[in-house]
Amino acid sequence: MASSILISNLTQEWVESLRRWHLEMFFIPTTVVTLATLLANPVLLICIFVSRALRQETRYLLVANTLTADMLFLILNLATVICNALKAEVPWLACELITAITVTAYCCAILTVTLMVVDTYAAVRWPLHYHDFLPPARTHRILVGVWVLAAIYPFTLVIMMEMGRGNPNEKVTVCLVLISLGFMQVKNMVAIHIYFFVAALICAFLIFYCYIRLYMVTKTQGIWQRRFSRARVTLLAHGVLLLLYFAPGFVFTLELFLFQRTNISQDVLVWVSTVNMCVFMLLPRALAPYLYGLRYRDISDTLVQLLHWHRRLTQITVS
């Protein structure tokens, strides 16, 4: 009962802060960016899956998995932002499930972009054995394992929260990942911090190790000597995108820390959470179709072929 009152008071204060600062207006750029990304990602997915050659390549399957996870994240994030802006009451169980799926999609995207770096390193380091080591069937199993790994911890938390909940029909006016995770017990909060920190540390270690090894393996081949070589531009694009993917996770960890502090203003927490959810988490997903997708020549060539085919089909239909 005390927990229900605490949640009700917090969500009411959160709504008042949103109204006072007019932060509900953030749903406008969120909607625009989300819809633009949801238009671009399916086109790239179609390009990958209509081409037999592309859907047999590990790197393109990883790109497709990243785009799919991003689309799922964007849809849930947009639904959450709109519901919060409209002050719609959501059942607490539904909010917990949305939280679990959102965290799963975010973690899956992080794990997949990490695997993309590892895949690039493996292709350069062992070019003769690369295709034997990662056939399409094994890549499919790896991607299924990534989704399962990303989902285990969030859904375990949902089960734990439901087992300890007294009122199953409780509703909330603000559904946020921060609030859902923030009401865990202290020992679980420590586990949450450890989970995010260890996962981020492992991914960061793999990325830095693979990039350093890639540079050491390829530095004698002359691809890094030109100032604007494709290798340099690709590394810069991937580095920026990786930073944009990881930064919101660290900001969210900061949110969890601030949530437990009683001397932090509620307005500060609302501002940080809103900007992170409506800006920082959208940037990598808005740029991914162009920095990861269209930079691959095979995908861009397939897209051009599809556009030419659609144009010829339209002309035949008109005539």
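**Notebook: walking through the predicted chain**

I started with the order of elements, and along the sequence the pattern runs α-α-α-β-α-α-α-β-α-α-α-α-α-α. That comes to 12 helices and two strands; helices (H or I, at least four residues) and strands (E, at least two) are DSSP runs, numbered from the N terminus. Residues are numbered from 1 along each chain as its sequence is written, and side-chain values use heavy atoms, with hydrogens and water left out.

**Entry: whole chain**

I looked up the burial first: buried residues make up 43% of the 319 residues in the chain. My cut-offs are under 20% relative accessible area for buried, over 50% for exposed, and partly exposed in between (1.4 Å probe, protein chains only). The accessible surface is about 17,300 Å², and 70% of it belongs to carbon and sulfur atoms. Those areas come from the Shrake-Rupley method with a 1.4 Å probe, and for residues only the protein chains shown count as cover. Then contacts, meaning heavy atoms within 4.5 Å: among those between residues at least 6 apart in sequence, 86% join residues at least 24 apart.

**Entry: cysteines**

How many disulfides does the structure hold? I found one, taking a disulfide as a pair of cysteine sulfur atoms within 2.5 Å. It joins Cys-95 to Cys-175, S to S 2.2 Å. Cys-95 sits in helix α4 (residues 92–125) and Cys-175 in the loop between β2 (171–172) and α7 (177–182), so the pair ties together parts 80 residues apart in sequence. The torsion about the S-S bond of Cys-95 and Cys-175 is about 105°, so I logged the disulfide as right-handed. Both ends are buried: Cys-95 has 0% relative accessibility and Cys-175 has 5%. I also checked Cys-108, which is in no disulfide; the nearest cysteine sulfur, that of Cys-107, is 8.8 Å away. Cys-108 is buried as well, at 0%.

Asn-84 is in helix α3 (residues 58–85) and is buried at 6% relative accessibility. What does its side chain reach at 2.9 Å? The side chain of Asn-84 reaches the backbone nitrogen of Cys-175. Leaving out residues up to four places away in sequence, Asn-84 touches Thr-173, Val-174, Cys-175 and Leu-176.

Ile-82 is in helix α3 too, partly exposed at 31%.

**Entry: salt bridges**

Searching the whole structure gave me three salt bridges, each a side-chain nitrogen of Lys or Arg within 4 Å of a carboxyl oxygen of Asp or Glu.

- Arg-20 pairs with Asp-267, closest N and O atoms 2.7 Å apart. The pair links helix α1 to helix α10 (residues 266–280), 247 residues apart. Arg-20 is partly exposed at 48%, while Asp-267 is buried at 17%.
- Asp-298 pairs with Arg-59, closest N and O atoms 3.8 Å apart. Here helix α12 (residues 297–318) is linked to helix α3, 239 residues apart. Asp-298 is partly exposed at 36%, and Arg-59 is partly exposed at 33%.
- Asp-70 pairs with Arg-285, closest N and O atoms 3.3 Å apart. Asp-70 is in helix α3 and Arg-285 in helix α11 (residues 283–293), 215 residues apart. Asp-70 is buried at 0%, and Arg-285 is buried at 0%.

**Entry: positive phi**

Two non-glycine residues went on my list. His-22 has phi near 55°; it lies in the loop between α1 (2–21) and α2 (27–50) and is exposed at 52%. Lys-87 has a positive phi of about 55°; it lies in the loop between α3 and β1 (90–91) and is partly exposed at 25%.

**Entry: surface patch**

Last, which residues make the nonpolar surface patch of about 790 Å²? I listed Ile-194, Phe-197, Val-198, Leu-201, Ile-202, Phe-205, Leu-206 and Tyr-209. Patch members have over 30% relative accessible area and no salt bridge; like charges are joined within 9 Å, nonpolar side chains (Val, Leu, Ile, Met, Phe, Trp, Tyr) within 5 Å. Ile-194 is in helix α8 (residues 186–218) and is partly exposed at 48%.

Technical notes
A polar contact is a pair of N or O atoms within 3.5 Å; within protein, one must be able to donate a hydrogen and the other to accept it, and residues adjacent in sequence count only if both atoms are side-chain atoms.
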